[in-house]
Amino acid sequence: MTARPLLPTQENLMPSFRQWLVSRSYSSNTIRNYLADINKYFSVIPQHSDPFDTATLTAYINTLSDLNNTKRYLASLNLFCLFALNQQIISINPIKSLRRQPTGQPGIPAVDLLLQDFSDYLNRHHKTQNTIKNYINDIHQYLDFINLNNSGRS
């Protein structure tokens, strides 16, 4: 009889995730926020479920649709999955498969994910929160400009 691999749990992931964030020089406030967001995720998902399962992630993401901090929670989940990928807990980032869902289906809008990836990139390269906010605002203005110009065309 072959032993089944143990599912990753909050108890065996959170200390490693915290240390991984520290090793990447995230600020103590950022680390505290990421840990709080992932603890919230673990408090919502079924206790014995795989936290990196696409269905589990999708169900959780769909519960976030009305929250003001959805982008923050998505960023935290994405970083948590990157941690798991880096630690070889998983072999593919399940968030990427959620990104491929066509517009209009449950999941995460592609533009929001792209902007979150860009924000994460800037954060990893030690840009200030004001700089990141300004870049994201500039992109939003450009997207609004494109949509405005394309809406008049038939």
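Predicted model: local features only at pLDDT ≥ 70, side-chain atom pairs only at ≥ 80, totals over all residues.
Q: A helix here is a DSSP run of H or I with at least four residues, a strand is a run of E with at least two, and both are numbered from the N terminus; how many residues has helix 1, and what does it reach from its first C-alpha to its last?
A: Helix 1 covers residues 10-23, which makes 14 residues, and it reaches 20 Å. The expected span is 1.5 Å times one less than the number of residues. For helix 1 that expectation is 20 Å, and the reach is close to it.

Q: How many helices and strands has the protein chain?
A: There are seven helices and zero strands. Read from the N terminus, the order of elements is α-α-α-α-α-α-α.

Q: Which residues of helix 1 are buried?
A: They are Leu13, Met14, Phe17, Trp20 and Leu21. These residues lie on the same side of helix 1 because they cover an arc of only 130° around the axis, the arc being that of the directions from the helix axis to the C-beta atoms. Buried means under 20% relative accessible area, exposed means over 50%, and partly exposed lies in between, with a 1.4 Å probe and protein chains only. Glu11 and Pro15 are exposed, on the face turned away from the buried side.

Q: What covers the buried residues of helix 1?
A: The cover includes helix 2 (28-44) and helix 4.

Q: What makes helix 4 largely enclosed by the rest of the structure?
A: Of its 17 residues, 12 are buried, so helix 4 counts as largely enclosed. Among them are Tyr73, Leu77, Phe80 and Phe83. Helix 4 runs over residues 70-86 and reaches 24 Å, close to the 24 Å expected.

Q: Why does asparagine 123 count as buried?
A: Its relative accessibility is 17%, and the limit is under 20%, so the term applies. Asparagine 123 lies in helix 6. Contact means heavy atoms within 4.5 Å. Leaving aside neighbours within four places in sequence, asparagine 123 is in contact with Tyr26, Thr30, Tyr34, Gln129 and Ile132.

Q: Why does proline 8 count as buried?
A: At 14% relative accessibility, proline 8 falls on the buried side of the limit. Its place is in the segment before helix 1. Not counting residues up to four places away in sequence, proline 8 touches Leu13, Asp50, Pro51, Phe52 and Ile89. The C-alpha atoms of proline 8 and proline 51 are separated by 7.1 Å, although the two are 43 residues apart along the chain.

Q: Is glutamine 88 buried or exposed?
A: With a relative accessible area of 72%, glutamine 88 is exposed, since the term starts over 50%. Glutamine 88 sits in the loop between helix 4 and helix 5 (94-99). Its phi is positive, near 60°, in a residue other than glycine.

Q: Is histidine 126 buried or exposed?
A: Histidine 126 has a relative accessible area of 59% and is therefore exposed. The loop between helix 6 and helix 7 holds histidine 126. It is not a glycine, yet it has a positive phi of about 60°.

Q: How much space lies in the largest pocket?
A: The largest pocket holds about 510 Å³. On a 1 Å grid over the protein atoms alone, a pocket is an open set of points where a 1.4 Å probe fits, with protein on both sides within 12 Å along at least five of seven lines, and lining residues have an atom within 4 Å of a point. Grid points are joined across faces, edges and corners, and the volume is the space filled by probe spheres set on the points. The lining has 18 residues, and the closest to the centre are Arg72, Ala75, Gln116, Ser119 and Gln129.

Q: Which helix gives the most to the lining of the largest pocket?
A: Helix 6 does, with six residues. Helix 2, helix 4, helix 6 (110-124) and helix 7 (129-151) each supply at least two.

Q: What share of the 154 residues of the protein chain count as buried?
A: The share is 34%.

Definitions and conventions. Residues numbered from 1 in each chain as written. Heavy atoms only, no water.
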